[in-house]
Amino acid sequence: KTFQAQAAIAVCNTALTGVGLAIFGMPQVTFLLFIVFLLSFIPVAGVFISSVPICLIGLGQGGLQLVLALIAMITIVHMFEAYILNPRIM
């Protein structure tokens with residue numbers, strides 16, 4: 001049951017991140033979402049590791065301002081996950 005709950009959280013996290021990436025017009029969204037989904041199963045470190053390619057592509061796409069916006073989006077998604085999704089799904 002724990003794995004099912006974590007899988008549900010990973011799907012929600014991936015979907016929310018996908019919406020954010022689409023809003024910012026990021027390229028290679030499918031690749032980035034695949035990384036986000038896989039690394040969602042690694043507690044804490046997965047968030048940081050999956051943020052690296054997002055930020056690197058964002059840096060090349062729109063500079064430091066886009067990277068900061070992406071970091072803010074990722075932070076909001078993970079706060080939503082930690083404070084709303086996790087308690088309800090677990």
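User: Is V44 buried or exposed?

Analyst: First, the ground rules: this is a predicted model, where local features need pLDDT of at least 70 and side-chain atom pairs count only at pLDDT 80 or more, while totals for chains, interfaces and linings use all residues. Residues are numbered from 1 along each chain as its sequence is written, and side-chain values use heavy atoms, with hydrogens and water left out. Buried means under 20% relative accessible area, exposed means over 50%, and partly exposed is in between (1.4 Å probe, protein chains only). V44 has a relative accessible area of 63%, so V44 is exposed.

User: Where is V44 found, and what is its phi near?

Analyst: V44 is found in the loop between α2 and α3; helices here are DSSP runs (H or I, at least four residues), numbered from the N terminus. V44 is a residue other than glycine with a positive phi, near 60°.

User: Which loop holds Q28, and what is the phi of Q28 near?

Analyst: Q28 lies in the loop between α1 and α2. Its phi is positive in a residue other than glycine, near 55°.

User: How many aromatic pairs does a search of the whole structure find?

Analyst: Rings of Phe, Tyr and Trp (its six-membered ring) pair if their centres lie within 6.5 Å; planes under 30 degrees apart count as stacked, over 60 as edge-to-face and the rest as tilted. On that basis, the search finds 2 aromatic pairs. F3 and F41 are stacked, at 5.5 Å centre to centre and 20° between the planes, whereas F37 and F41 are edge-to-face, at 5.4 Å and 90°. The number of pairs is 2.

User: Why does the F3 and F41 pair tie together parts that are apart in sequence, and how many residues apart are they?

Analyst: F3 lies in helix α1 and F41 sits in the loop between α2 and α3, so the pair links parts whose separation in sequence is 38 residues.

User: Which of these classes does F3 fall in, buried or exposed?

Analyst: F41 is partly exposed at 27% relative accessibility, and F37 is partly exposed at 27%. F3 has 61% relative accessibility, so F3 counts as exposed.

User: What is the volume of the largest pocket?

Analyst: On a 1 Å grid over the protein atoms alone, a pocket is an open set of points with protein on both sides within 12 Å along at least five of seven lines, a cavity is a set where a 1.4 Å probe fits but cannot get out, and lining residues have an atom within 4 Å of a point. Grid points are joined across faces, edges and corners, and a volume is the space filled by probe spheres set on the points. The largest pocket is lined by 24 residues, with V44, V47, F48, H78 and E81 nearest its centre. Its volume is about 450 Å³.

User: Which element gives the largest share of the lining of the largest cavity?

Analyst: The largest cavity has a volume of about 40 Å³. Its lining includes N13, V36, S50 and H78. The largest share, 4 residues, comes from α3.

Note on methods: Helix = DSSP H or I, 4+ residues; strand = E, 2+ residues; numbered from the N terminus.
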